[in-house]
Amino acid sequence: MIKVNSQLFIPHFKKSFHFNLSKFYPLTHIITSICAATAEILFLRGIYPGALLLFVMLLQPSVLLMGLLGVLAAVIFAQLTQLGKFYLDSPPFLFNPLLAGLSVGYLFQLSPAAIFLAFVAGIMAFVLTWTLSHVLRTFFYLPVLSLPFIIVSWIIHLAAYHYAGLKAAIVPAYAYSIGWPLPLEGFLRTLGLIFFLPNVWVGIAVISLLLVNSRIQLILAAGGYFLGTTIRGILTGTFAYVYYDPAALNFILVALAIGGFYLLPSPRSYILAAISVGLVALLGEAISVFWAAVALPVHALPYNLVTMLLIYLLGLVGHRLLVRSPQSSPEKTLDQELTTRLRYQGTGRNLLLPFSGSWVVWQGVDGQWTHQGLWRYAFDFFIQDETGCSYSGNGLNLSDYYAFNKPIFSPVRGWMVRVINHLPDCAIGNVDQVNNWGNCVVIYDDRGFYVEISHFAQNSIVIKQGERIERGTLIGRCGNSGYSPQPHIHIQAQLTPDLGAATIPFSFVNVRVDGQFYPEYTPTQSSIVESVKPDHTLASAMTFPLNSQLHFIASAKGKPETELIVTVKMAADGEFYLDSGKAKLFFWRNEDIFMFHRLEGEDPWLALLWIAIPKLPLVRSADMWEDYLPISIVTGGIRRLFYQFASSFYPRLASANYVGQWQSQNTLLGVVSVPYVKKKIQSSVSFGTNGDLLAVDMGNSSLRRFLGK
């Protein structure tokens, strides 16, 4: 079923209709969106790269004018049809109309007929982008790329055969050659042709942007072009025309897309990018022969097809090469993605241990007895003494076992959806092979999955079916019911409420395993585990209400520098962040952990906060814990550029290691280690007696908070 926004179909009746773009869409929002969409065509991110590209397009103003007309048509159409304005923040909705308009300016001289075509092309590209993006994203999890523009461009080409009011555009001679070697000029022209400006000077501007934004992008663009033209030259037997063929832009685009945007930059992605270039060369040649019958250009169709097919293939198998959230450059994607993978090694389904005190993992994931196949993700826990024995005396009575009758607590918050409480406990040496799970409960976790806990003692469960249950609430007592050779507790997570349902991965939060503290961990067989008590005061202190403000005095080398005021805001996707006006520091917290996880923009004081408190388990103990920081946060200059580039070949360089530990009840110490750098970065965070964050110190820099504001 397709979910439809009902607001799209609510008519608005007024006495008169005044068409005023700025009333609905602030002009600055439209301009910044156009700039961002322009940059996205070349897999760049940000307003300034797009603004520079638009400025360079003034070398051929008529082409730029047609492109902007296409975007204007799309914006007007969106207002007339009351589609809202969220599309302004989705680049394909604007860069496809922009490309459609640019293609008209590339083909035809400025005239009333050409203006009409650019306007209509912009609307058609917008409608197709809206439709195809929904279909591709919903059913295939694919980006729309520039497919809508290609379809519209072909329609314009075919329709133009019957329009006598159009005159072919004339490209200035200086645009094609400035006396440089033919392969180099061909590369520069092709870079410009991506924006329908086959102009060497535009290409120089584009290559400068790539150099500043990403060295990986520059290498991919150049490598893709020269590999593709070499393949074509060898296959066709001549290099006479390959450097003038507009279809060569496919080599650049597919290399950028596969080598460092949709796939994580690595030797494997570079090899796949090279293979994709070869596929594009073959596919482009085949399409050009077929399309020659109707004189249609190949455009970027080979790039679109090869990219979509490869992304779909890798998506089907859940390949780790696929990037979850592409950043503004391949280097930053590496920075973010590799660090995120280190930071979130758990499953996202984190549970409290369902007991207090020290227990032992009797059988873990892929256990040797019953945790196999569909039931592999499960844990059995029991209690042992110092000698490794699970009972006292002769072990013939249930009461001899340390785990028997111990209290069992809820590991999650949710609803009790199933309770079995009447089955007798098995005598030692016997098991119930009929009622495999014994006395058990199934709890629906509010996060969308179920937790089953089995082998309770007979009539010990105190929570009734249908009742709401909180974390840490007493459920019952450990027993020996069901298929249980000795008193123990079995726990598993599953997607349905059925007993014996297939299990899914999960982990435990704020747990001490064999004496080592972990904010989140999946223990192994024979591990000794113990839950660490949460600190509610600390949890309350690290709660920042929406629209609240934090006031700091920021100082360097002991001298007050500036007042830092950060406001707690929420993004459209529900993420919370601290906004300083210069940058946004995103964070999340649950009942167990507080984490900063992404910095957008440049603000050294927000970066200081992130370095000092990357991950904070909401417990106070003498235990140490580890976390990781993106290398870009803790390094700068040439070192940062080197680490970011080299991390595609050696992922260890993408992240710095953080170790945190409470020095006292109110002082948190952190040590950050940069790979292959001897000097450590040390930080100190001070909290008040009521848990409030008071100060952050690192080297010669510090933040002092004013709680009265």
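Reader: How many helices and strands are in the protein?
Author: The protein has 18 helices and 26 strands. Keep in mind that this is a predicted model.

Reader: OK. And what size of box do the C-alpha atoms fill?
Author: Taken along the principal axes, the box is roughly 100 × 65 × 65 Å.

Reader: What share of the residues is buried?
Author: Of the 709 residues in the protein, 52% are buried.

Reader: And the contacts, how far apart in sequence are the residues they join?
Author: Take the contacts between residues at least 6 apart in sequence: 63% of these join residues at least 24 apart.

Reader: Let's do sheets. Which strands form the open sheet, and in what order?
Author: There are 12 strands in that open sheet, and the order is β20-β19-β18-β17-β16-β15-β26-β25-β24-β23-β22-β21, with antiparallel pairing.

Reader: Which strands stand at the edges?
Author: Those are β20 (615–617) and β21 (624–630). Each has a single partner strand, so one side of each has no neighbour in the sheet.

Reader: How much does the sheet twist from one strand to the next?
Author: The twist averages 25° from strand to strand.

Reader: Back to β21. Which strand does β21 pair with over 7 bridges?
Author: That is β22, and the two pair in the antiparallel sense. To find the pairing on screen, look for M624, whose bridge partner in β22 is Q661.

Reader: How many residues of β21 are buried?
Author: 5 of its 7 residues are buried, which leaves β21 mostly covered.

Reader: Which helix packs on the sheet?
Author: Helix α14 (residues 330–343) does, touching β19 (593–601), β20, β21 and β22 (655–662). The direction of α14 makes about 165° with that of β21.

Reader: Helices now. At what angle do α10 and α14 pack?
Author: The angle is about 125°, and the axes are 6 Å apart. That makes α10 oblique to α14.

Reader: Which residues meet there?
Author: From α10, R215, I216 and Q217 meet P330, E331 and L334 of α14. By class, that contact of α10 with α14 has 3 nonpolar, 1 polar and 2 charged residues.

Reader: And α10 against α12, what's the angle there?
Author: Helix α10 (residues 215–236) and helix α12 (residues 267–291) pack at about 40°, with axes 9 Å apart. So α10 is oblique to α12. The crossing of α10 past α12 is right-handed.

Reader: Which residues should I click on for that contact?
Author: On the α10 side, I216, L220, G224, L227, G228, I231, R232 and T236; on the α12 side, Y270, A274, V277, G278, A281 and E285. The residues of this contact of α10 with α12 divide into 8 nonpolar, 4 polar and 2 charged.

Reader: Is β7 buried or exposed?
Author: Mostly covered: strand β7 (residues 449–456) has 8 of its 8 residues buried.

Reader: What is the phi of F43?
Author: F43 has a positive phi of about 60°, although F43 is not a glycine. F43 lies in the loop between α2 (27–40) and α3 (47–56).

Reader: Buried or exposed?
Author: F43 is buried, because its relative accessible area is 4% and the cut-off for buried is under 20%.

Reader: And where is H299?
Author: H299 is in the loop between α12 and α13 (301–316). The phi of H299 is near 55°, a positive value in a residue other than glycine. At 14% relative accessibility, H299 also counts as buried.

How values were computed:
Residues numbered from 1 in each chain as written. Predicted model: local features only at pLDDT ≥ 70, side-chain atom pairs only at ≥ 80, totals over all residues. Heavy atoms only, no water. Buried < 20%, exposed > 50% of the residue type's maximum accessible area, 1.4 Å probe, protein only. Helix = DSSP H or I, 4+ residues; strand = E, 2+ residues; numbered from the N terminus. Axes fitted to C-alpha atoms, helices over the stretch in contact; angles between N-to-C directions. Parallel < 35°, antiparallel > 145°, perpendicular 65-115°, else oblique. Left-handed = near helix turned anticlockwise from the far one by under 90°. Contact = heavy atoms within 4.5 Å. Nonpolar A, V, L, I, M, F, W, Y, C, P; charged D, E, K, R; others polar. Pairing = 2+ DSSP bridges.
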